[in-house]
Amino acid sequence: MPPAVLAEGLRKEYGRVVALDGVDVRIEQGELVAVLGPNGAGKSTFVKIVCGVTTPTSGKIEVLGGDPSDPAVKRRVGILPQEGGLYPEMTVRENLRFYSRLYGKDPDPEPIRRLGVDGFLDRRVWGLSGGMKKRAALAITLSLDPELLVLDEPTNELDPLGRKDLLEEVKKNAGERTIMYVSHDVYEVEQLEPDRLLIFLNGRIALNSSFDEVMDKYGSVMDAYEGVSS
């Protein structure tokens, strides 16, 4: 079985700006991996490359054994971007139908029900609260059964209860699929208890360790973050 994500010597340049500077990482299928780092550290660029949104300047990247820009690979990857990814003028149900056709899959109704989205399927997205939009986007993404799920700052705009529900949903899906959970919130990541933690700094991976190793060595994710940043 190929790894979910394999990067070797990954480099991305935007003119004179080096966003990624020789990133090497292997994420196995079924892993829940939290990705941390300050703004400008390279984590968003890494996510864009994994999702096939942009290409590296040099180096190697494979996702689920293939090229992340290949449409066949993209259909196996579910993405929840920071802004939610839903079309605001359409209803939630229309968004669900659209993405189902795009991915060529019949949606599983269970995530829709479990996240409480069935109660507002026929409301237009623009009229929903930020938390409802996030729940709808996550439910639609999960309903298409992605092999790799990429969550980019998924708890933005969520109230404490919504954040708790989302973290519980992520934990329920851990092991069923590979999950990359991108965040800047060290306390949230600690609650998540991922299999592994990646910390990006200055375009490189400053820490790549299991959650247990991080807790044994540093005592907390915050202490690990501060330790590698100093």
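1. Helices (H or I, at least four residues) and strands (E, at least two) are taken as DSSP runs and numbered from the N terminus. The model is a predicted one, in which local features need pLDDT of at least 70 and side-chain atom pairs count only at pLDDT 80 or more, while totals for chains, interfaces and linings use all residues. Residues are numbered from 1 along each chain as its sequence is written, and side-chain values use heavy atoms, with hydrogens and water left out.

2. Thr91 sits in the loop between β5 (77–80) and α3 (92–103). With a relative accessibility of 10%, Thr91 counts as buried, a word that here means under 20% relative accessible area, as against exposed at over 50% and partly exposed in between (1.4 Å probe, protein chains only). Leaving aside residues up to four places away in sequence, Thr91 touches Leu121, Asp122, Arg123, Arg124 and Val125, a contact being heavy atoms within 4.5 Å.

3. In helix α3 the residues Val92, Asn95, Leu96, Tyr99, Ser100 and Tyr103 are buried. Viewed down the axis of α3, the buried residues fall within an arc of 135°, so they line one face of the helix; the arc is that of the directions from the helix axis to the C-beta atoms. Among the elements that cover these buried residues of α3 are α2 (71–74), β5, α4 (109–114) and α5 (130–143).

4. Strand β7 (residues 178–182) has five of its five residues buried, with Thr178, Met180 and Val182 on one side and Ile179 and Tyr181 on the other. Strand β3 (residues 32–36) runs parallel to β7 and is joined to it by four bridges, and strand β6 (residues 148–152) pairs with β7 in the parallel sense over five bridges, where pairing requires that DSSP find at least two bridges between two strands. Val35 stands opposite Val182 in β7, and Leu148 stands opposite Thr178.

5. A search of the whole structure finds 16 salt bridges, each defined as a side-chain nitrogen of Lys or Arg within 4 Å of a carboxyl oxygen of Asp or Glu. One of them joins the side chains of Arg196 and Glu31 (2.8 Å, N to O), and this pair links strand β8 (residues 196–201) with the loop between β2 (17–27) and β3, the two residues being 165 residues apart. Both Arg196 and Glu31 are buried.

6. Arg114 also forms a salt bridge, with Glu169, their closest N and O atoms being 2.5 Å apart. Arg114 is partly exposed at 31% relative accessible area, whereas Glu169 counts as buried at 3% relative accessibility.
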